[in-house]
Amino acid sequence: MLNDIFIAPFADMIAAPDFLLQVLWEGLVSGVLYALIALGFVLIFRSSRIFNFAQGIMVVFAALTLVGLHAMGVPAWVSFALTLGVMFALAWSIERVVLRPLVGQPDILLFMATIGITLFLIGFGEIIFGGETKQMITSELGIPTGSITLEPWGGLLIMEEKDITIVVISGLLVAGLLAFLGKTRMGRAIRALGDDHQAAMSVGISLQTIWVLVWFIAGIIALMTGIAWGARAGVSFALEVIAYKALPVLMLGGLESISGAIIGGLMIGMLEKLFEIYWGQPLLGGNTETWFAFVLALIILLFRPQGLFGEKIIERV
Amino acid sequence: MKHWKTLAAAAVATTVGSAVLAEGLVTPNLSYRTGPFAATGIPLMNGQKDYMEMLNARDGGIGGIKIDFTECETGYSTEKGVECYEKTKGEAIVTQPWSTGITLQVLPKTNVDEIPILAPGYGFSPMADGKTFQWAFNAPSGYWDGASMIVSYLDGKDGGLSGKKVAFLHLDHPYGKEPIPLFEKKAAEMGFEFLPIPVGLKEMQNQSAQWLQVRRERPDYVVMWGWGAMNAGAITEAVKTKFPMENFIGVWWSGHDADLALVGDAGKGYKSISWSFPNPDAGVMADIQKHVVDAGKSLSNADEMSGVFYGRGVVMSMILAEGIAAAQAEFGTAEINASQLRWGLENLNITEARLAELGMEGMVPAFSTSCANHTGNSGGWMLEWDGSKFVKASDHLVPDTSDYAALIAEKAAEYATANAPWPMNESCDAPS
């Protein structure tokens with residue numbers, strides 16, 4: 001048993017380094033996608049202290065809008081632009097109809113409101129688009145669909161071009177987001193709101209404008225995530241459950257940390273894949289990905305309750 | 001505008017069980033048109049519903065009485081399914097639970113409520129034993145039938161299964177685990193290696209770890225017991241990892257046209273065992289077109305109607321309708337009760353001649369049920385994806401039921417013991 005746990009997995013890694021590279025690559029792709037979803041949660045939490053339960057369904061809604069518009073004969077890139085418009089309209093509506101009347105209410109009420117948004121978007125999405133699986137318009141958007149086969153150490157490494165594209169675009173999106181938050185007035189306003197609502201409002205920062213902006217950015221992230229996941233296995237309401245994969249990322253990285261979301265997502269993506277392949281499948285019958293990330297996050301929370309990158313909150317009473 | 005119709009259907013489905021007065025024979029369907037499995041459910045539910053709508057419109061129902069084919073939406077959730085069963089059982093003469101998980105939950109309840117469960121091609125395989133499961137029916141074919149046919153088919157290829165490795169990619173859910181006992185038994189008998197690979201509900205669309213395992217283990221064949229989004233996820237991963245499609249076989253719930261359409265030509269050669277086959281030229285389809293689609297009562301569309309799952313939905317409702325008709329003939333009344341329908345479902349005799357009368361030639365093999373055998377063991381066909389649709393790739397295949405009759409008896413007895421006191425139908429012999 002000790003051999004199976006401490007020696008055999010590493011011997012396997014050394015014996016088949018190409019396979020190890022494949023595992024790490026698949027983990028990286030998954031991790032990037034987890035990080036994207038987690039980013040959507042973090043942005044909204046930072047600016048409004050709301051845990052956005054609707055982030056998962058926003059992914060589905062954005063992806064369905066994109067493929068739905070294209071199915072109506074709208075060219076792919078026009079559909080993309082229109083979907084961005086729809087996500088802006090959604091952000092504006094959420095701020096106007098749901099959040100604004102709840103300003104000053106306890107956080108739990110705002111959280112419950114996002115559950116309401118989720119239920120609304122599920123029903124509304126099914127009315128408009130139906131529940132059937134739809135094909136993502138991957139090639140229409142110019143995303144390559146072939147694969148690159150490499151032979152490291154005489155082995156085999158298959159990398160799908162769409163996965164490479166997704167990793168690159170996600171990296172650019174995250175870099176752009178960090179630049180926006182760090183270098184622009186609006187970005188600094190979002191961070192200021194995250195630090196102290198009342199102080200930020202006292203210097204003229206508009207809560208309403210920032211909320212619309214943040215929910216719109218979360219909508220853009222949802223669209224990108226929807227395209228990435230939809231390109232892998234079609235667009236359907238099953239995509240919603242993928243949002244739950246971001247929960248351990250948030251536990252690990254901290255709800256307020258953008259870098260935590262990114263690093264936490266990548267860590268979980270790669271570690272859960274490594275554990276599943278080298279320990280889970282041989283020793284536990286597989287399917288450890290359903291719980292591994294949660295166990296890892298719990299262990300880390302034991303030592304750092306605020307997560308790896310979260311801020312320690314000290315409240316004076 | 002079809003989705004506005006879907007809204008209407010969902011509204012009806014979610015509000016059923018409230019103050020709706022039943023008209024005719026109430027045959028609730030615990031449907032799943034929403035949620036992660038909706039893509040699989042919608043065409044099946046549409047086929048079921050349209051057949052009953054057609055009978056109502058064309059014949060005034062069955063035996064002169066209308067069928068109230070009401071739906072209760074479960075989203076394929078076992079908890080919601082049990083709620084739906086409780087909500088709809090009042091006037092119901094049957095329940096159609098639509099998930100192995102829901103079936104297992106309501107199985108003991110139906111003994112008390114005395115309502116037949118009709119689970120065509122799904123549910124708990126030992127339900128074949130009518131002596132033990134007197135209220136449960138999974139005709140025309142059970143999961144162990146499917147597993148048996150797949151094993152026989154693979155054994156007939158490339159020198160047989162002995163010494164080969166078969167990976168079993170399955171949903172980590174009661175449904176996905178259902179055929180494992182039979183596969184394990186056959187692996188021990190025939191000398192092949194059986195490798196179960198579970199897929200969690202949250203991993204359905206990202207099966208890279210499972211397919212890395214396939215790549216590492218290099219199985220000769222992959223057999224899939226997938227449902228909903230898992231099918232599309234697996235097929236796209238198989239294409240990505242360049243697994244030979246001709247060695248990839250799914251059960252009948254993994255043979256959905258829409259899942260394969262996602263990969264198109266790259267999925268050529270993929271196979272699915274099936275006890276149903278669509279026949280767009282069949283008389284029944286013309287009647288559905290005339291009485292339901294043209295009358296604006298259908299939620300389906302031409303593409304979906306030509307697919308495997310819609311046709312299977314039609315067959316499922318035919319099985320229920322034939323059970324009702326048999327009971328009406330036996331008891332001399334149109335307004336049969338649940339107990340009388342149980343008799344009807346136990347005395348189904350779907351011959352080729354009867355299928356021709358029904359306008360359903362080639363849509364399902366002939367089969368019959370009995371007091372002892374609630375499955376019917378119709379057998380089926382191996383279907384193959386040709387890049388744009390499923391085509392028949394075999395003659396009529398039949399399961400070797402003698403192979404697992406003892407296993408059925410054993411598991412049925414285990415279930416009865418675990419749930420004692422369990423009522424038995426002593427008038428039945430053991431399943432043949």
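In chain B, strand S12 (residues 381-385) and strand S13 pair in the antiparallel sense over 3 bridges. Strands here, as well as helices, are DSSP runs numbered from the N terminus, with at least two residues of type E for a strand and at least four of type H or I for a helix; two strands pair if DSSP finds at least two bridges between them. B:Trp385 has B:Phe390 of S13(B) as its bridge partner.

The model is a predicted one: local features need pLDDT of at least 70, side-chain atom pairs count only at pLDDT 80 or more, and totals for chains, interfaces and linings use all residues. Residues are numbered from 1 along each chain as its sequence is written, while chains are lettered from A and ligands numbered from 1 in the order in which they are written.

**The sheet of chain B**

S12(B) and S13(B) belong to an open sheet of 7 strands with mixed pairing, ordered S6-S5-S7-S8-S9-S12-S13. At its edges lie S6 and strand S13 (390-392) of chain B, each of which pairs on one side only. From one strand to the next, the twist averages 25°. Helix H7 (residues 180-190) of chain B packs on this sheet and touches strand S5 (165-171) and S6 of chain B. The direction of H7(B) makes about 160° with that of S6(B); axes are lines fitted to C-alpha atoms, for helices over the stretch in contact, and angles run from 0 to 180 degrees between N-to-C directions.

B:Phe183 is found in helix H7 of chain B. Is B:Phe183 buried or exposed? B:Phe183 is buried, because 23 other C-beta atoms lie within 10 Å; a residue is buried at 20 or more such atoms within 10 Å, exposed at 12 or fewer and partly exposed in between, with C-beta atoms placed from the backbone. Leaving aside neighbours within four places in sequence, B:Phe183 is in contact (C-beta atoms, placed from the backbone, within 7 Å) with B:Ala147, B:Phe168 and B:Phe194.

**A hairpin and a helix in chain A**

In chain A, strand S1 (residues 147-150) and strand S2 (residues 157-160) run antiparallel and are joined by 4 bridges. One of the paired positions is A:Thr149, whose bridge partner in S2(A) is A:Ile158. The two strands form a hairpin with 6 residues between them, and A:Trp153 in the turn has a positive phi of about 50°.

Helix H5 (residues 107-129) of chain A has 23 residues and reaches 32 Å from its first C-alpha to its last, close to the 33 Å expected at 1.5 Å a residue; the expected span is 1.5 Å times one less than the number of residues. Among the buried residues of H5(A) are A:Ala113, A:Ile117, A:Leu121 and A:Phe129. An α-helix has 3.6 residues a turn, so residues three or four places apart point the same way. Just after H5(A), A:Gly130 takes a positive phi of about 80°.

**Contact between the chains**

On chain B, 38 residues are in contact with 38 residues of chain A. The elements giving two or more residues to this side of chain B include helix H1 (2-15), helix H2 (38-59) and strand S6 (193-199) of chain B.

| Cis peptide bond | Omega |
|---|---|
| B:Ala139 and B:Pro140 | about 10° |
| B:Ala420 and B:Pro421 | about 0° |

B:Pro140 lies in the loop between strand S4 (136-137) and helix H5 (143-155) of chain B, and B:Pro421 in the segment after helix H16 (405-418) of chain B.

A:Arg49 has a positive phi of about 60° although it is not a glycine. A:Arg49 counts as partly exposed because it has 15 C-beta neighbours inside 10 Å.

**Confidence**

For chain A the mean pLDDT is 90, and 98% of its residues reach 70 or more. Over residues 12-21 of chain B, pLDDT stays under 50. Where pLDDT is low, the predicted coordinates should not be read in detail. The model scores ipTM 0.87 and pTM 0.88.

Terms used. Contact = placed C-beta atoms within 7 Å. pLDDT = per-residue confidence, 0-100.
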